[in-house]
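Take a look at the chain below.

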Amino acid sequence: MNKGKYYITTAIAYTSGTPHIGNSYEIVLADSIARFKRKDGYDVFFQTGTDEHGQKIELKAQETGVTPKAYVDKVAGEIRRICDALNTSYDKFIRTTDDFHEKQVQKIFKKLYEQGDIYKGAYEGLYCTPCESFWTESQLVDGKCPDCGREVKPAKEEAYFFKMSKYADKLIAHINEHPEFIQPVSRKNEMMNNFLLPGLQDLCVSRTSFTWGVPVDFDNKHVVYVWLDALTNYITGIGYDADGASAEQYKKLWPADLHLIGKDIIRFHTIYWPIFLMALGEPLPKQIFGHPWLLQGDGKMSKSKGNVIYADDLIEFFGVDAVRYFVLHEMPFENDGVITWDLMVERMNSDLANTLGNLVNRTISMSNKYFGGTVENTKTGVDAGAEDVDADLFRVLTDTYSRVIKKMDDLRVADAITEIFALFKRSNKYIDETMPWALAKDETKKDRLATVLYNLSNAIMVGASLLEPFMPETAKRISEQMNAPLLDFAVLEKCAADQDTATVSTLYPSGTQVTQTPEILFARQDLAEVTEKVEAMFAERKQAAGVGETTENADAAPGMDEKFVELEPKAEITYDDFDKCQFQVGLVLSCEEVPKSKKLLKFKIQVGGGTRQILSGIKQYYKPEELIGKRVMVLVNLKPREIAGQMSEGMILSAADEEGNLAVMTPERFMPSGAEIC
């Protein structure tokens, strides 16, 4: 069943260096959506690629002693290799150095110039080379680039400009009339309130201070500015022609159904890009989703620290599908996600090895042990009205598809995966409820035992079929071990619509012979061993980068002249006084600045099985991203109180020296969230 076309794109990766796992997350997210839509009956076209022009590239090439083209050829090849290593199913990989793209960029620039949307002038302002953006003094944050926080330098040059204000009202109207256009809603509000409503300045769209770019063919001193060049890949890659001779593929696929991008480039995609399209007379994309970031929990990734995590690292430790599961499952819809090695091990062991892997292994092993590997449906549907657990399992089976579809329609990929694993967890519970090993001891319960094992096999195949877009190799391996094809979504859709438990209970072919030797899908990992290997890997990288070991936090030997702090002693307390305080280890899930506060950071902290909001006046000592994923010491039974209009439900413990420098207290070694501090 063909449900129509679906054109999805990622942002094209900038070829300034090898992407870390936070950069690679986007291609996995887009791939899971593309695979899901294909399986759901859509004619999908999935495009990704590389952004290869600009001053930053030119400078990088000079530093390494090669031409810009040689430099981007190498990096683009590495980016594509990583996409392939993560098992992504893109249909086209575009490079902005492709001849067809460069020719269309020149045509587009000339067309916009000739119709009066682009004019020649001069630009004077503060320029950020990494972002390739000009800023005014008022736009800076603490005197630095508002996007990346780096230094800016005064610059002046002749340039061509695009008349942004000409189309601003039209874009505002489009956004108001199409609430789904920018997602999540918080990104839409940011664009409207911070940029569109205050008024747009004309945009610089050419440069003369460097040469690595698409030349303006009617003024060879200029090269096309990176954003006009890069953004147009979404149409040039599918056959757009500015002269009006666009390919049939373009006519079929445009407008894009989804531009999937990082939240840091939302402005370029929701303001500049739609206005360029309006000027070209082309339809706007249907939806632009600015996904959050995947942050490293134990501090910012840094080559100088040697702690950058690459996709290859995680694949080597855990395998491709485990990495895909982790980055997809751990990313919230709107807030930043966190990656830590200990959390990866925890997910590997609990979700993948235990919930999924153990379920498949146990079911196949019992089928072999009790029935020689033959899985037979001896009874159709619920067992004679007596087995309510069967009915509940079938209910979960029929509901899971609908739940997953709803989550995916809303782009809540992590929630969709959670729904699938809820089915696996329900199946594990079903084993505990029915106790096949006990049924096997009673010959009169043989038919019931067969039904139980069939129901489990059925549930596994439904879950694996839904899991395929997210973990394709795992789904394939389950299918091979169960010796049955993965189910089409059309079948599951019909079952969900009809609520037909009789049909649902026969999805797995009765009489199928499972594999005789079940394969371990996911091996459990030892956290200590993984930690040791990771530390060795990072130490090797740090050494290779020429960074020496710091002695800043080294333990001081007895007798060494160490600085110390003297405090005015407080009144003595009794043990009973101390025992009233409850201190526990908390895991920082999120951290953000409190608006209009110079001191406060707002934390969401997991303590055991619950979460709490805590406000702490440590803003001047830490950036929020430095604390996400850290395990901190929390006073949890402090009476909640309102601070700056928000509730604080505890206190984070810190140490301070005489100069007022502050450090959050963290456990010396790994401790689980909720561990008592005593």
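Predicted model: local features only at pLDDT ≥ 70, side-chain atom pairs only at ≥ 80, totals over all residues.

**Helix packing**

Two packed helices are described by the angle between their axes and the distance between the axes. For helix 12 (residues 320-329) and helix 15 (residues 413-434), the angle is about 120° and the axes lie 8 Å apart. Angles of 65 to 115 degrees count as roughly perpendicular and those over 145 as roughly antiparallel. Helix 12 and helix 15 are therefore oblique to each other.

Which residues make the contact between helix 12 and helix 15? Helix 12 brings Tyr325, Leu328 and His329. Helix 15 brings Val413, Ala414, Ile417, Thr418 and Phe421. By class, this contact holds six nonpolar and two polar residues, with no charged ones.

**Cavities**

Rolling a probe the size of a water molecule over the atoms shows where empty space is left. How many cavities of 30 Å³ or more are there? The count is two. The table sets out volume and lining class for each.

| Cavity | Volume | Nonpolar lining residues | Polar lining residues | Charged lining residues |
|---|---|---|---|---|
| Largest cavity | about 50 Å³ | eight nonpolar | one polar | no charged |
| Second largest cavity | about 30 Å³ | five nonpolar | two polar | one charged |

The largest cavity is lined by Leu397, Thr398, Tyr401, Val462, Leu492, Cys495, Ala496, Val504 and Leu507. Helix 14 (388-409) and helix 19 (489-498) each supply at least two residues of this lining.

The second largest cavity has Ser367, Phe371, Thr374, Val375, Glu376, Ala450, Leu453 and Tyr454 in its lining. Two or more of its lining residues come from each of helix 13 (341-371), strand 16 (374-375) and helix 17 (446-467). Which element gives the most to the lining of the second largest cavity? Helix 17 does, with three residues.

Helix 13 also contains aspartate 342. The cut-off for a buried residue is under 20% relative accessible area. Aspartate 342 has 18%, so it is buried.

**Backbone geometry**

Most residues other than glycine have a negative phi, and most peptide bonds are trans. The following sites depart from that pattern.

Take the peptide bonds. The bond from glutamine 183 to proline 184 is cis, with omega near -10°. Proline 184 sits in the loop between strand 8 (182-183) and helix 6 (185-196). Tryptophan 254 and proline 255 are also joined by a cis peptide bond, with omega about 10°. Proline 255 is placed in the loop between helix 9 (248-253) and strand 12 (258-262).

Now phi. Aspartate 142 is not a glycine, yet its phi is positive, at about 55°. Its place is the loop between strand 6 (133-135) and strand 7 (153-162). Is aspartate 142 buried or exposed? Its relative accessible area is 74%, so aspartate 142 is exposed.

Leucine 411 is not a glycine either, and has a positive phi of about 65°. The loop between helix 14 and helix 15 holds leucine 411. With a relative accessible area of 10%, leucine 411 is buried.

How values were computed: Residues numbered from 1 in each chain as written. Heavy atoms only, no water. Axes fitted to C-alpha atoms, helices over the stretch in contact; angles between N-to-C directions. Helix = DSSP H or I, 4+ residues; strand = E, 2+ residues; numbered from the N terminus. Parallel < 35°, antiparallel > 145°, perpendicular 65-115°, else oblique. Contact = heavy atoms within 4.5 Å. Nonpolar A, V, L, I, M, F, W, Y, C, P; charged D, E, K, R; others polar. 1 Å grid on protein atoms, 1.4 Å probe; cavity = no way out; pocket = protein on both sides within 12 Å on 5 of 7 lines; lining within 4 Å. Points joined across faces, edges and corners; volume = space filled by probe spheres on them. Buried < 20%, exposed > 50% of the residue type's maximum accessible area, 1.4 Å probe, protein only.
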